Each structure stands twice: as C-alpha cells, then as structure tokens.
Amino acid sequence: MNEELKRIKDELTNCINQALNLKELGEARVKAFGKTGLISALSKNMRDVPVEDRPKLGSAINVLRSEIEELLKEKENKLENEELERKLQEEKIDITEPSIKVELGAYHPIADVIDRLADICVNMGFTVVEGPEIESDYYNFEAMNIPKNHPSRDMQDTFFISEDILLRSQTSAVQAREMETRKPPFKIICPGKTYRNDSDATHSPIFHQLEGLVVDENISMADLKAMLTILMKRLYGEDTKIRFRPSFFPFTEPSIEVDVSCPNCHGQGCNLCKGSGMLELLGAGVVNPKVLEISGIDSKKYRGFAFGFGLDRTAMILNSISNIKNLYRNDIRFLEQMK
Ligand code: PHE
C-alpha cells in the first residue's frame, strides 16, 4: 500500500510540476481531489483494508493530501507571479509617447455673456429665474401697462401666434409673472430669448435680453443708478464711464437709458461706437406703481426698479463682432475664434 501511495504522490507531483499555466494546474487538482481523483479513490478503497490497518493508512493518506495541497498552492503562487510579471512587461506604458489631442469646444458668446452677468448679479443677491418664450399678450403687454391699441406697442414689432398668444418681445414679461407669485422683498434676473420682426446688421428677429427686477421698501432711482454703475464696471472694467439719459417706457416712471464709454476706444470715438465714444446698452427705471398694482403688490408700501439689457449687443461689443447674424449662423470657423 505504501508503494501505491508513493506512486500516486510521484504521479501527482509530476503533473503539478509540468503544469504550464493555471488551467493545467486546475486539471492536476482535479486529478488529485476530483470525484474520481486519485486521492479521493484512496479514501473510497478504505473499506477493503483490514480494520487494524485503517488508522495508519488513514493518516498516511492525510499526509499525502496535505503534501499535494501544499505543492498545488506553491505552484499556483508561482504561476500567478509569472502571469503578473508577464503582464507588467507586455503592458508597459510609454509615458513619453505624445498623447491624443482632445479638442475643446468654446462657449458661445451669448452663453458667455449670460454667465458673466448672472455671476455678477448673483453676487449682488439676485436669483436667476426663467419664463416662457411663447407668452400671452397679457404678460408681455397688458400687465406691463401697455393696453391693447396703445401707441407704445409700436415700439416693438411683435410676432403674434394668435390674437392673445405671441413670441415674447421683451423679458419684461417675466416681471409680471414673478410679481404675481413672489412676496416682496425680492431681487430677480431673467436672461432669455426674445423676438421682434426686425433684421439688419445689428438686429436679429431672435435676440436675447436680461431683465432685472428689485422690489423692496424704501428703494429709489439712486439705488438703481448705483447698482447699474457697479454692474457696468464689473462687466466692462473699472475705468468705464456711465451715462444716464431720460427715456420713456410705459412700465417705468421715471425711465432712463444707460450708455457706457466705448470699451474699444475708451470714449475717443471709433467704428464700434460710430464716433460717439459711447454705447447705448440698456433701458431701466423705477417700476410704475400701476404695474405693481396690476400684479397685486401694494404700491404704497413697496417700490421697484427694473432694467433690461440687450445681450447680443453686449456679446458683440465684448468680442468685437460686427454683424449680429454671426451669432446665429453656427459657423464653426466663427465659433473657433471664440476659444
Ligand atoms: N423691456 C425694455 C425693452 O425691451 C427694456 C426695459 C426693461 C426698460 C426694464 C425698463 C425696465 O426695450
């Protein structure tokens, strides 16, 4: 019997030594410990051995079992290490090899201006809101104190979808929506697309505005002027000069228009500012008490001020773009220049 054990040990040791990879080692393991494996068979044959010899044989089989287990483990470690070594050799990374160039996109100039202005305004405590582009006549005009047939509707050539539905011609429409739902005090800005039937080098039927609205107690034109001055300087630079001109909007009283010194020529006069040294940028004013009342805000207690920026013009000035259509053509060569 001892001989038989030795023969089995030699045979299994051979098998293990010859295994070239983990798969072959797995086969060797099956040959030893599988259901019909050599060592399993030994245990099964125990029945045929005389009772007195069984303990001795049993322990001899146990020794053989652990010897073979040990050999398998050792070989397994060895093969695994070899495998790892091989992978490390083969899959070496050449860190000096030039990398694949990743093409980065650029912000569209309008998105960039919205981002910059929103950053400045959020810093001053404003909340950014949005409103629908397809709007009712009520929010776009009537709630802004522009009744039907009022001559000031002619200031804006509006695209009507039906009698009462239109493409909003000003982000001021969002003012009314916000005043209806918010409790003062509040400060909001609303950037977005606006539409008017107008088209030349500086006008596009689709354009962008950014509306600002502050409603609070004890605020005045002085606060509006101070705030717009800071806003303009943060956008165009500290040395920017700001000019306020009286104007008219049905929803603000008094109304102003705001010009800044041309950032291109610093007020000397150039092509961009058509020689005037100044650029007209936005409309603003103290909210007409009528407008507050229409939206359910007590105009005895609260006052408001509002402003409306043309964003396309701002993007054109900041990036020296001469034709507004370039902003909408999606010409990749143009966008490349914005990087
Ligand atoms: N809605 C005005 C326009 O489109 C701009 C504006 C906004 C004026 C808010 C005053 C206050 O021309």
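Predicted model: local features only at pLDDT ≥ 70, side-chain atom pairs only at ≥ 80, totals over all residues.
1. A quick definition to start: helices (at least four residues) and strands (at least two) are DSSP runs, numbered from the N terminus.

2. Which elements build the shell around the ligand? Helix H7 (172-181) and the strands S5 (206-216), S8 (278-287) and S9 (303-310) each supply at least two of its residues. The largest share, three residues, comes from S9.

3. The ligand has 14 residues around it, and those that come nearest are Gln 170, Ser 172, Arg 196, Gln 209 and Glu 211. Sorted by class, the shell holds seven polar, five nonpolar and two charged residues.

4. Arg 196 places a polar side-chain atom 2.8 Å from an oxygen atom of the ligand. The side chain of Gln 209 has an N or O atom 2.9 Å from an oxygen atom of the ligand. As for cover, the ligand on its own has 320 Å² of accessible area, and the protein covers 92% of that.

5. Back to H7, one of the elements that supply the shell. How many of its 10 residues are buried? Seven are, so H7 is mostly covered, where buried means under 20% relative accessible area. Ser 172, which also comes among the nearest to the ligand, is one of the buried residues of H7, together with Ala 173, Val 174, Gln 175, Ala 176, Glu 178 and Met 179.

Technical notes. Residues numbered from 1 in each chain as written. Heavy atoms only, no water. Near = heavy atom within 4 Å. Polar contact = N/O pair within 3.5 Å; in protein donor to acceptor, adjacent residues only side chain to side chain. Areas by Shrake-Rupley, 256 points an atom, 1.4 Å probe, with all protein chains shown as cover. Nonpolar A, V, L, I, M, F, W, Y, C, P; charged D, E, K, R; others polar. Buried < 20%, exposed > 50% of the residue type's maximum accessible area, 1.4 Å probe, protein only.
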